[in-house]
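Visitor: Please take me through one part of this model at close range. I would like the aromatic rings and what surrounds them, with every cut-off stated.

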Amino acid sequence: MEDDLVRKISTHPKYLELKAKRTSFGWWLTLAMMVVYYGFIMLVAFNKPFLSQRLGDGVMTMGIPIGFGVIVFTVVITAFYVLRANSQYDDLTDAVRKGVLK
């Protein structure tokens, strides 16, 4: 029974659509995160004078808001994925469930 259910799910057109959309979107978000994260690491490695520039008269340097920006970017793209999953992927999952279990 389980093998039959797995076969039905894996061949269902809505499941294939879900899998393609989720995979493509996941790779784009991964690429964006890699660019931001490794961009910051490259700045740390190769442009320390830029990151060590003081902002104002205090102790804050350029590196602090840029590093904070990397963290905020991570939260934002996670929220973006969750919103998309709740709006599009859940609908496709329900369509697969209804199509397979009817």
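Guide: Contact here means heavy atoms within 4.5 Å. This is a predicted model: local features need pLDDT of at least 70, side-chain atom pairs count only at pLDDT 80 or more, and totals for chains, interfaces and linings use all residues. Residues are numbered from 1 along each chain as its sequence is written, and side-chain values use heavy atoms, with hydrogens and water left out.

Confidence comes before geometry. pLDDT is the predictor's confidence in each residue, from 0 to 100. Its mean over the chain is 93, and 99% of residues reach 70 or more. Helix H1 (residues 2-11) has the lowest confidence, at a mean of 88, while H2 has the highest, at 95. Helices (H or I, at least four residues) and strands (E, at least two) are DSSP runs, numbered from the N terminus.

Helix H2 covers residues 13-46, 34 residues in total. From first C-alpha to last, H2 reaches 48 Å, close to the 50 Å expected at 1.5 Å a residue. That expected span is 1.5 Å times one less than the number of residues. Five residues of H2 are buried: Leu18, Phe25, Leu29, Met33 and Phe40. Buried means under 20% relative accessible area, exposed over 50%, and partly exposed in between (1.4 Å probe, protein chains only). Helix H4 (63-100) is among what covers the buried residues of H2.

Leu18, for one, touches Tyr89, Leu92 and Thr93, not counting residues up to four places away in sequence.

Now the rings. A search of the whole structure finds four aromatic pairs. Rings of Phe, Tyr and Trp (its six-membered ring) pair if their centres lie within 6.5 Å; planes under 30 degrees apart count as stacked, over 60 as edge-to-face and the rest as tilted. Phe25 and Phe80 have ring centres 5.3 Å apart and planes at 65°, so this pair is edge-to-face. Phe25 lies in helix H2 and Phe80 in helix H4, so the pair ties together parts that are 55 residues apart in sequence. Phe25 is buried, at 9% relative accessible area. Phe80, at 45%, counts as partly exposed.

The rings of Tyr81 and Tyr89 have centres 6.0 Å apart and planes at 50°, so this pair is tilted. Tyr81 is partly exposed at 29% relative accessibility. Tyr89 is buried at 4%. Ring pairs link Phe25, Phe80, Tyr81 and Tyr89 into a cluster.

The charged end of Arg84 sits over the ring of Phe25, 4.1 Å from its centre. The test is NZ of Lys or CZ of Arg within 6 Å of the ring centre and within 35 degrees of the ring normal.

Two residues complete the tour. His12 is in the loop between H1 and H2. His12 is buried, at 16% relative accessibility. Leaving aside neighbours within four places in sequence, His12 is in contact with Ala95, Val96, Gly99 and Val100. Val36 lies in helix H2. Val36 is partly exposed, at 26%.
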